[in-house]
Amino acid sequence: MNKLIIAITAVIIAVAGFFFFFNKDSAPHVTFQTLDGGKINTEELKGKVVLVKFWATTCVTCVKQMPDTIEYYNTYKDKGYDTIAVAMSYDNTEALHKFRESYQLPFTVAYDKSGQIATDFGGIRFTPVSFLIDRDGNIVKRYIGEYDKKEFIQTLEKTLAQK
């Protein structure tokens, strides 16, 4: 009987370990079209911790969060952190260029003109929605709307510390 209990316990631990270590949500494989005409795909981002932030120039919460997004990028960019701000398909390029210029956005701004990237990330329809992605391309955390800034920084720093 003891051997059976030990065997069942070992199986439970092995299954739990598998799900803890190997069953992570991978970020979708997409190619971002930047406002500057460049392209970046998710494979190129491996090795960095990346915030993919879906936003719009008409989104009040997005505009409110942008100074924090800039601050996090500037603070952590030299530690392997990057940001891609993905503008929604319903935005327009003229407004995006003006916004980027007026806020002096230091990170990549992409335009999801077709809406395919939003679809690939789970059907994003409203903003802001952000995904923190680790160096291996796995989604660490999803942020919808307002979020706790201290918790974000703690999660970011913990993710950056993982090599």
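This is a predicted model: local features need pLDDT of at least 70, side-chain atom pairs count only at pLDDT 80 or more; totals for chains, interfaces and linings use all residues.
How many residues does helix 2 have, and what distance does helix 2 reach from its first C-alpha to its last?

**Figure 1. Span and kink of helix 2.** Helix 2 has 17 residues. From first C-alpha to last, helix 2 reaches 25 Å, close to the 24 Å expected at 1.5 Å a residue. The helix carries a kink of about 40° at Met66. This kink lies shortly before the proline Pro67.

Figure 2. The buried residues of helix 2 are Cys62, Gln65, Met66, Asp68, Thr69, Ile70, Tyr72, Tyr73 and Tyr76. An α-helix has 3.6 residues a turn, so residues three or four places apart point the same way.

**Figure 3. Salt bridge between Lys149 and Asp68.** The side chains of Lys149 and Asp68 meet in a salt bridge, with an N to O distance of 2.9 Å. Because Lys149 lies in helix 5 (residues 149-161) and Asp68 in helix 2 (residues 60-76), the pair ties together parts that are 81 residues apart in sequence. Asp68 has a relative accessible area of 15% and is therefore buried, the cut-off for this class being under 20%. Lys149, at 45% relative accessibility, counts as partly exposed.

**Figure 4. Salt bridge between Arg142 and Asp25.** Arg142 forms a salt bridge with Asp25, and the closest N and O atoms are 2.4 Å apart.

**Figure 5. Salt bridge between Glu43 and Lys46.** In this view Glu43 forms a salt bridge with Lys46, the closest N and O atoms lying 3.4 Å apart. Glu43 is partly exposed, with a relative accessible area of 41%. Lys46 is likewise partly exposed, with a relative accessible area of 40%. The structure holds 8 salt bridges, among them the pair of Glu43 and Lys46.

Definitions and conventions:
Residues are numbered from 1 along each chain as its sequence is written. Side-chain values use heavy atoms; hydrogens and water are left out. A salt bridge is a side-chain nitrogen of Lys or Arg within 4 Å of a carboxyl oxygen of Asp or Glu. Buried means under 20% relative accessible area, exposed over 50%, partly exposed in between (1.4 Å probe, protein chains only). Helices (H or I, at least four residues) and strands (E, at least two) are DSSP runs, numbered from the N terminus. The expected span of a helix is 1.5 Å times one less than its number of residues. The bend at a residue is the angle between axes fitted to the seven residues ending there and the seven starting there.
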